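Subject: Handover of a structure and the findings on it

Dear colleague,

Please find below the structure that I am handing over to you.

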Amino acid sequence: MGTSHGVAIGLAVTATGATGAIGRATALRLLEQGWRVDLTGREPRRFDSAVTSAGGHYVRSDRFDSNQLAEVVGEGADLLVDCACYSAQHASALVPFARDADSTVMVSSKAVYVDEWGHHSNTAE
């Protein structure tokens, strides 16, 4: 495993929360760079065909089901990316698996989701 001219060769990434916009964009970028990408999500109907066409592999899994996550992560990953880490509870669910990853990235971005009035989770009202 390693990199060549900034491109990952033979590196495996597991991404949770990968059916949202950030997860799809992250997966596509990693796939373009040569990563093997396994993605999780609860809703197969939301699995993006562009990601699977690019080589991504979706696995139906709930982030709060440790048995399902253990099956997905397996012996570990070079990179574990959580694309929906909105709370301490979300982060805590992945801690046991982060120990088996070479690197971990937690993306906490719930503020990108707004209601019909433009309010998001960080709106002071």
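A salt bridge is taken here as a side-chain nitrogen of Lys or Arg within 4 Å of a carboxyl oxygen of Asp or Glu. By that criterion, the structure holds four salt bridges. Please note that this is a predicted model, in which local features need pLDDT of at least 70 and side-chain atom pairs count only at pLDDT 80 or more, while totals for chains, interfaces and linings use all residues. Residues are numbered from 1 along each chain as its sequence is written, and side-chain values use heavy atoms, with hydrogens and water left out.

Overall organisation

The chain has four helices and seven strands, where helices (H or I, at least four residues) and strands (E, at least two) are DSSP runs numbered from the N terminus. Their order from the N terminus is β-β-β-α-β-α-β-α-β-α-β. Of the 125 residues, 34% count as buried; buried means under 20% relative accessible area, exposed over 50%, and partly exposed in between, with a 1.4 Å probe and protein chains only.

Side chains of opposite charge can pair when their charged atoms come close.

Glu32 is exposed at 62% relative accessibility, and Arg29 is exposed at 55%.

Asp38 and Arg36 form a further salt bridge, with 3.8 Å between the closest N and O atoms. Here Asp38 is buried, at 15% relative accessibility, whereas Arg36 is exposed, at 51%.

The largest pocket

A pocket is found on a 1 Å grid over the protein atoms alone, as an open set of points where a 1.4 Å probe fits, with protein on both sides within 12 Å along at least five of seven lines; lining residues have an atom within 4 Å of a point. The largest pocket has a volume of about 430 Å³, the volume being the space filled by probe spheres set on the points, which are joined across faces, edges and corners. Its lining consists of 20 residues, and Gly17, Thr19, Arg42, Arg46 and Ala84 lie nearest the centre. H1 and S4 are the elements that give two or more residues to this lining, and H1 gives the most, with three.

Helix H3

In helix H3 (residues 66-73), the buried residues are Leu69, Val72 and Val73. Viewed down the axis of H3, they fall within an arc of 90 degrees (taken from the directions from the helix axis to the C-beta atoms), so they line one face of the helix. The face turned away from this buried side carries the exposed residues Asn67 and Glu71. At the start of H3, a side-chain oxygen of Asp65 comes to within 3.0 Å of the backbone nitrogen of Asn67. After H3 comes Gly74, with a positive phi near 60 degrees.

With kind regards

Key:
Polar contact = N/O pair within 3.5 Å; in protein donor to acceptor, adjacent residues only side chain to side chain.
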